[in-house]
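Dear colleague,

Here is the structure that I promised to pass on to you. Please look through it first, and then read the notes below alongside it.

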Amino acid sequence: GEIQTHLPETSVRIGSAEWLEMMRFAIAECARLGLSFGTHNCPGWSSSGYPTVKPEDSMQKLVWSEAQAKVSQSKRLLRIALPQPQADSIYHYYRDITVLAIPSGKGLVTKKDIVELGKQMDSQGMLSCRLPKGEYTLLRFGHTTNNKTNYATAPQSGTGLECDKMSREAVRKYWAGYPSMLLRLAGEYAGTTFTRMEIDSYEAGEQNWTPLMLQEFQQRRGYELTPWLVTFTGRILESEDATKRFKREFNAVVADLFAECYYGEMSRLAH
């Protein structure tokens with residue numbers, strides 16, 4: 001049977017001058033012997049991670065926090081500090097998406113119940129707005145890195161965050177970090193002897209957010225994603241059927257973005 005062993009670090013660090021020289025030699029030897037050369041697109045065999053990937057260009061996940069507020073008839077101005085949703089524990093990276101107010105205590109929410117207040121919150125999380133009399137649940141939505149790396153299959157010198165699979169820009173930045181380094185060292189052998197750059201397998205898990213998700217969803221599905229964010233908190237919007245339909249459509253957009261921005265863009269870059 002097959003035996004796999006994880007090496008925490010190799011004797012020659014990935015990306016070092018010695019490593020580059022050895023890789024160049026391997027490619028040149030293939031040319032001399034009439035062989036072709038190919039390699040995985042990142043250290044290890046899954047999936048596309050490297051130390052050059054920044055948290056903002058890594059795989060993202062949706063996060064949120066909840067706060068309760070009561071607005072009286074006489075004092076409709078609401079000023080409240082909203083807790084920041086939990087950021088990742090390593091990089092502490094977090095970016096806001098929006099703030100939604102919904103009536104408290106309602107399991108079923110309708111679109112007319114939802115008030116978008118993202119522009120009324122400052123950078124410190126202080127919300128200042130006017131709302132009709134009532135009790136509200138305030139949902140602050142944001143995104144953070146999901147901390148996925150290629151650690152399980154790569155030595156330490158080649159380990160880094162997995163790039164955002166739903167962002168062409170993030171994939172291009174990733175390509176500039178590792179695959180471009182291989183192409184540079186290959187020099188005149190790129191495209192002749194060095195003919196394959198592969199994604200061996202995908203084991204980086206799922207992601208459900210990317211910085212352009214609001215725009216991508218609107219463009220692909222023809223309606224606004226923002227009010228439907230409440231369904232990620234376990235709430236029903238409009239009806240159970242409508243909520244199930246939205247989740248199917250959201251998952252379809254995620255799948256399309258993976259296909260186009262990750263596999264499609266990697267293929268284009270390789271060609």
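F246 and F250 are both found in helix α5, which covers residues 240-270, and they are four residues apart, about one turn of the helix. Before going further, please keep in mind that this is a predicted model.

The structure holds 15 aromatic pairs. In one of them, the ring centres of F246 and F250 are 5.9 Å apart and the planes stand at 45 degrees, so this pair is tilted. Are these two residues buried or exposed? F246 has a relative accessibility of 1% and therefore counts as buried, and F250 is buried as well, with a relative accessible area of 3%. Another tilted aromatic pair is made by Y262 and Y263, with 4.7 Å from centre to centre and 55 degrees between the planes. Here Y262 counts as buried, at 0% relative accessibility, whereas Y263, at 38%, counts as partly exposed. When you look at the rings together, you will find that F246 and F250 also belong to one aromatic cluster with F217, Y223, W228 and F232.

**Salt bridges**

A search of the whole structure finds 15 salt bridges, and I describe some of them here. Within helix α1 (residues 17-33), E29 and R32 lie three residues apart, about one turn of the helix, and their side chains meet in a salt bridge with an N to O distance of 2.9 Å. E29 is partly exposed, with a relative accessible area of 24%, while R32 counts as exposed at 58%.

Which parts of the chain does the salt bridge between E66 and R235 link? The side chains of E66 and R235 meet at 3.1 Å, N to O, and the pair links distant parts of the chain, with E66 in strand β2 and R235 in the loop between α4 (213-221) and β10 (236-237), 169 residues apart. E66 is partly exposed at 37% relative accessibility, but R235, with a relative accessible area of 17%, is buried because the cut-off for that word is under 20%.

A further salt bridge, of 2.9 Å from N to O, is formed by the side chains of D96 and R140. This pair, too, links distant parts of the chain, since D96 is in strand β4 and R140 in strand β8, 44 residues apart. D96 counts as partly exposed at 34% relative accessibility, and R140 counts as buried at 4%. There is also one network, in which salt bridges that share partners join R168, R172, E216, R220, E260, E265 and R268.

**Loops and backbone**

In the loop between β1 (37-40) and β2 (60-71) you will find S47, which is joined to S46 by a cis peptide bond with an omega of about 0 degrees. Y50 has its place in the loop between β1 and β2 and counts as buried at 7% relative accessibility. The C-alpha atoms of Y50 and T159 are separated by 5.3 Å, although these residues are 109 residues apart along the chain.

H92 is not a glycine, yet it has a positive phi of about 55 degrees; it is placed in the loop between β3 (77-81) and β4 (95-103) and counts as exposed at 58% relative accessibility.

**A charged patch**

Finally, K111, K244, R245 and R248 form a positive surface patch. K111 lies in the loop between β5 (108-109) and β6 (115-116) and is partly exposed, with a relative accessible area of 40%.

Methods. Residues are numbered from 1 along each chain as its sequence is written. This is a predicted model: local features need pLDDT of at least 70, side-chain atom pairs count only at pLDDT 80 or more; totals for chains, interfaces and linings use all residues. Side-chain values use heavy atoms; hydrogens and water are left out. Patches are made of residues with over 30% relative accessible area and no salt bridge: like charges are joined within 9 Å, nonpolar side chains (Val, Leu, Ile, Met, Phe, Trp, Tyr) within 5 Å. Accessible areas come from the Shrake-Rupley method with a 1.4 Å probe; for residues, only the protein chains shown count as cover. A salt bridge is a side-chain nitrogen of Lys or Arg within 4 Å of a carboxyl oxygen of Asp or Glu. Lys and Arg count as positive and Asp and Glu as negative; His and the chain ends are not counted. The place of a charge is taken as NZ of Lys, CZ of Arg, CG of Asp or CD of Glu. Helices (H or I, at least four residues) and strands (E, at least two) are DSSP runs, numbered from the N terminus. Buried means under 20% relative accessible area, exposed over 50%, partly exposed in between (1.4 Å probe, protein chains only). Rings of Phe, Tyr and Trp (its six-membered ring) pair if their centres lie within 6.5 Å; planes under 30 degrees apart count as stacked, over 60 as edge-to-face and the rest as tilted.
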